[in-house]
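Welcome, and thanks for taking a look at this one with us. Please have the sequence and the 3D view open as you read.

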Amino acid sequence: MGRPTEMNTIDKATPQECPACRHATNHRLLYQTNGCDIWQCRSCGLGRTQSSGFDPNTYYTGDYFSGHRSDGYSDYRAAEPVLRREFARSVEFVRGFRGSGRLLDLGCAYGFFLKEAQRYFEVSGIELAEEAAQYCRGSGLNVMSGVADEENMGRVGHVDVITLFDVIEHLPHPHETLALCERHLKPGGIIVITTGDFASPVARLTGSRWRLMTPPQHLWFFTRKSINRTSAALGLSVESCDHPWKIVPLSLIIFQLRRMLGFHGPPTAAASRVGVPVNLFDAMRIVLRKPMP
Ligand SMILES: [Zn+2]
């Protein structure tokens with residue numbers, strides 16, 4: 001647990017290159033938590049983690065999804081029925097913008113979303129955690145191991161829909177990844193992103209104790225303004241931005257509450273099978289569309 005420092009008490013303004021604004025802007029150091037500095041662009045509100053020595057390859061292993069990390073998922077696989085129900089709703093949402101075609105899910109974990117999406121789409125996924133990628137392939141899904149780089153994206157080809165559910169904040173270079181996604185999107189195709197809303201009242205009120213303020217695995221903290229600037233630079237239009245209700249496993253709520261209060265250890269398995277609707281209005285769902293030529 002880091003030493004939380006109140007916002008505004010550190011008045012350090014430093015010009016830094018902002019990947020959303022695409023030029024050097026004033027940044028301020030908001031606070032330090034988990035041994036990381038959290039900086040914010042004063043122009044678009046984009047937050048970033050500055051740390052050294054974080055290697056995603058050694059971090060996103062099977063442990064991340066099974067509750068062995070205090071900041072990972074409590075028991076992702078036990079929660080499959082609840083997650084599948086939520087992902088079925090996500091598929092309906094996506095179909096409101098693009099009804100069929102080829103769909104790619106980045107950071108697809110155990111493929112629960114892909115399983116729901118393949119009822120309407122020809123699906124593929126990319127997953128960094130090798131154990132999860134293997135699980136997907138074992139259940140018949142076309143999932144590649146690794147990250148969204150030129151090689152993996154090239155193997156998938158052009159698609160109609162790319163989804164990044166709670167993934168973009170983990171990426172070392174999210175703006176480059178989005179540019180890569182744009183290049184692999186068919187005209188009229190969409191990118192669907194869910195991520196925290198750093199400008200939301202809950203995020204601002206809770207500061208370094210915000211439930212999504214979990215560096216170093218969360219490296220970026222987006223705002224609507226930073227998303228607008230990023231998409232404009234890529235020639236994408238923002239079709240939709242909302243703060244959806246979500247049905248989450250009760251175990252995840254208990255897990256996050258216990259962590260906030262300083263307790264550790266896995267919650268009971270039964271809590272993984274119960275779904276609870278929640279909305280703190282601190283997470284965004286964004287749809288970006290590539291224009292027709
Ligand atoms: Zn900025």
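How many residues lie between S1 and S2 in their hairpin, and which residue in the turn has a positive phi? There are four residues between the two strands, and Arg-22 is the one in the turn, with a positive phi of about 70°. Please keep in mind throughout that this is a predicted model.

S1 and S2 run antiparallel and are joined by six bridges. Within this pairing, Ala-13 stands opposite Arg-28 of S2.

S2 also pairs with S3, again in the antiparallel sense and over six bridges. Here Leu-29 has Trp-39 in S3 as its bridge partner. The hairpin of S2 and S3 has two residues between its strands, and Asn-34 takes a positive phi near 50°.

## The zinc site

Four cysteines coordinate the zinc ion through their SG atoms: Cys-18, Cys-21, Cys-41 and Cys-44, at 2.3 to 2.4 Å. The angles subtended by the four donor atoms are 107 to 112°, so the arrangement is tetrahedral. Along the sequence, the donors follow the spacing C-x2-C-x19-C-x2-C.

The pair Cys-21 and Cys-41 links distant parts of the chain, 20 residues apart. Cys-21 sits in the loop between strand S1 (13-18) and strand S2 (23-33), while Cys-41 belongs to strand S3 (residues 36-41). Both Cys-21 and Cys-41 are buried.

## The seven-stranded sheet

Further along, there is an open sheet of seven strands with mixed pairing, in the order S7-S6-S5-S8-S9-S14-S11. Which strands stand at its edges? They are S7 (143-145) and S11 (237-242); each has a single partner strand, so one side of each is left without a neighbour in the sheet. On average, neighbouring strands of this sheet are turned by 15° against each other, direction ignored.

Ile-193 has Ile-286 in S14 as its bridge partner.

## Helices on the sheet

Helix H2 (residues 80-95) packs on the sheet and touches strands S6 (121-127), S8 (159-165), S9, S11 and S14. The direction of H2 makes about 140° with that of S8. Helix H4 (residues 130-138) packs on the sheet too, touching S6 and S7, and the direction of H4 makes about 155° with that of S7.

## A mostly covered helix

Is helix H6 mostly covered or mostly uncovered? H6 (residues 174-183) is mostly covered, with eight of its ten residues buried. Those buried are Pro-174, His-175, Thr-177, Leu-178, Ala-179, Leu-180, Cys-181 and Glu-182.

The cover over these buried residues includes three strands of the sheet described above, S5 (101-106), S8 and S9. Strand S10 (220-221) and the helices H5 (150-156) and H8 (224-233) are also among the elements that cover H6.

Is Phe-255 buried or exposed? With a relative accessible area of 8%, Phe-255 is under the 20% cut-off, so Phe-255 is buried. Asp-75 is 180 residues away from Phe-255 along the chain, yet the C-alpha atoms of the two are separated by 9.6 Å.

How values were computed: Residues numbered from 1 in each chain as written. Predicted model: local features only at pLDDT ≥ 70, side-chain atom pairs only at ≥ 80, totals over all residues. Heavy atoms only, no water. Pairing = 2+ DSSP bridges. Axes fitted to C-alpha atoms, helices over the stretch in contact; angles between N-to-C directions. Contact = heavy atoms within 4.5 Å. Donors = N, O, S within 2.8 Å, 3.2 Å for Na, K, Ca; no water. Tetrahedral: all angles 85-135°; square planar, octahedral: opposite > 155°, others 65-115°. Buried < 20%, exposed > 50% of the residue type's maximum accessible area, 1.4 Å probe, protein only.
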